[in-house]
Amino acid sequence: MTRRIHTIDCEYLGRPKVAAAYLVEDAKRAAFVDNNTVHAVPLMLDALKAVGLSTEQVELLIITHVHLDHAGGTAELLRHCPNARVVAHPRAARHVIDPGKLVASASAVYGDEQFRELYGEIRPIPESRVQTMEDGETLPFGDGELLFLHTRGHANHHFCVHDPATASMFTGDAFGLVYPALQTEGTFALPSTTPTDFDGPAARAAIRRIIDMGAERLFPTHFGEVRSIEAAAAQLIRHLHFAEDLVAEAVDGGQPDEALQAYCEYRLRDYLQGFLDGHGTLGQDPDTWKFLEMDIELNAQGLAFAARRQRARE
C-alpha cells in the first residue's frame, strides 16, 4: 500500500477549514497527527472508517504540542484506539499525563462553562501509553520512519514531524497559519504568536529548519497541504520581524502593562492592512478581517505577554 495522508476538517469552533487533524495510512497501519478537541473525535473515527481501517490498526497519536486545538481530543481518541500510543515532545508529555495545569489555565481564560463547551472533558493519559521523542529521533511507522524535529518559537514544547516516504512534514503551528479561505489572491501565511512562549528568533530558525529538510509538501494544522513553501516562508519571516520589532516597541513605550494588548492589537491590524493592501483586494474584503479576528486578538495577546515578560526581566 502506498502511504497516504488524509486531511480531516475538525470543524473547530464550528468553522470550516480552520483546524485539521491528519490521518496517515501505510501497510494497514494508521497514525493521527494532532487531535483537535473531543468534539472532533467522531470526525477522525469516520475518516479512519472511510479508508477501510479499524481503530485496532491505529498505532500512533502524535501531538505537535499541547495547545488544546492540537491535543485536546487525544485522551478521548486514545480511548477508542486500544493499540495506540501517544507521541509527544518531552516537555509536552507531562501535560498529557496530568492535564490539570493545562485545564486550569484554559478554564481561567474561558470560564468553566465555556471551556467545557469548547473542549469537553480532558482526561489524563496513562504514562505507559506515552512516548517522548528527542530532537532528531526517528520512529518506525509502516514501511518507513518518521523524523521528529524540535521547533521552538510558537511553543517551547513543539516539534514537527518529517515523513520522508511522502516528502512531507507536519508542522503544527511552527509554519504559521495558511487558511484556504485566504489563498484567493496568492499565498497568504501568518505566524501564530499566541501566549505564552513566543520567541521571534526561535520561530524564524524553526521556519528555516523546516525548509532545509527539503519537504515538497507541508501540512500545518491550520490548514491543509501547502506547496508554495518558499512564498509562505518569506511572508512568515517578514511578519515575524515585524512581531519582534513590535515587542521591542511595546517594551520601551510608555504604555502601562495593562494597555499593551490593546496597543499590540492596534499596531498588528495597521501592519496587516498595509501588507494586504499590497496583496490584491483581500484587505478590502470585510470577510477577511472577520476571518482573522480571533487570530489577531490571540497574536496580540502573545506579543503583549512577551513584552510584559521582557519588562519584568529588565
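Where in the chain is the place of Thr196? In this predicted model, Thr196 sits in the loop between strand 10 (168-172) and helix 7. Most peptide bonds are trans, and most residues other than glycine have a negative phi.

Lys28 has a phi near 60°, a positive value in a residue other than glycine. The loop that holds Lys28 runs between strand 2 (20-26) and strand 3. Asn36 is another non-glycine residue with a positive phi, here near 45°, and Asn36 lies in the loop between strand 3 and helix 1 (41-50). Are these two residues buried or exposed? Lys28 has a relative accessible area of 57%, so Lys28 counts as exposed, the cut-off being over 50%. Asn36 comes out at 0% relative accessibility and therefore counts as buried, since buried means under 20%.

On to the charged side chains. How many salt bridges does a search of the whole structure find? The search turns up 15. One of them pairs Arg29 with Glu59, with the closest N and O atoms 3.0 Å apart. This pair ties together distant parts of the chain: Arg29 belongs to strand 3 (residues 29-33) and Glu59 to strand 4 (residues 58-62), 30 residues apart. Arg29 is partly exposed at 31% relative accessibility, and Glu59 is partly exposed too, at 25%. Both carry that label because their values fall between the 20% and 50% cut-offs.

Another salt bridge joins the side chains of Arg209 and Asp135, at 2.9 Å from N to O. Here too the partners come from distant parts of the chain, 74 residues apart: Arg209 is in helix 7 (residues 200-212), while Asp135 is in the loop between strand 6 (130-132) and strand 7 (138-141). As for accessibility, Arg209 is partly exposed with a relative accessible area of 29%, and Asp135 is partly exposed with 40%.

Glu225 and Arg217 form a further salt bridge, with 3.6 Å between N and O. Which of these two partners is buried, and which is partly exposed? Arg217, with a relative accessible area of 16%, is under 20% and so counts as buried. Glu225 is partly exposed, with a value of 38%. Elsewhere, salt bridges with shared partners link Glu76, Arg79, Glu121 and Arg123 into one network.

The next stop is the sheet. Strand 7 and strand 8 (residues 144-150) run antiparallel and are joined by four bridges. Within this pairing, Phe141 has Gly144 of strand 8 as its bridge partner. The two strands make a hairpin with two residues between them, and Gly142 in the turn has a positive phi of about 60°. Strand 8 also pairs with strand 9 (residues 159-163), again antiparallel and with four bridges. In that pairing, the partner of Leu149 is Cys160 of strand 9. In a regular strand the side chains alternate between the two faces of the sheet.

Last come two helices. Two packed helices are described by the angle between their axes and the distance between the axes. For helix 8 (residues 229-252) and helix 9 (residues 260-277), the axes come within 11 Å and cross at roughly 145°. What is the handedness of the crossing of helix 8 and helix 9? The crossing is right-handed. On the helix 8 side, the contact is made by Gln235, Arg238, His239, Phe242, Leu246, Glu249 and Ala250. Helix 9 contributes Leu260, Tyr263, Cys264, Arg267, Leu268, Tyr271 and Phe275. Sorted by class, the contact has nine nonpolar, two polar and three charged residues.

Definitions and conventions. Residues numbered from 1 in each chain as written. Predicted model: local features only at pLDDT ≥ 70, side-chain atom pairs only at ≥ 80, totals over all residues. Heavy atoms only, no water. Axes fitted to C-alpha atoms, helices over the stretch in contact; angles between N-to-C directions. Left-handed = near helix turned anticlockwise from the far one by under 90°. Contact = heavy atoms within 4.5 Å. Nonpolar A, V, L, I, M, F, W, Y, C, P; charged D, E, K, R; others polar. Salt bridge = Lys/Arg side-chain N within 4 Å of Asp/Glu carboxyl O. Buried < 20%, exposed > 50% of the residue type's maximum accessible area, 1.4 Å probe, protein only. Pairing = 2+ DSSP bridges.
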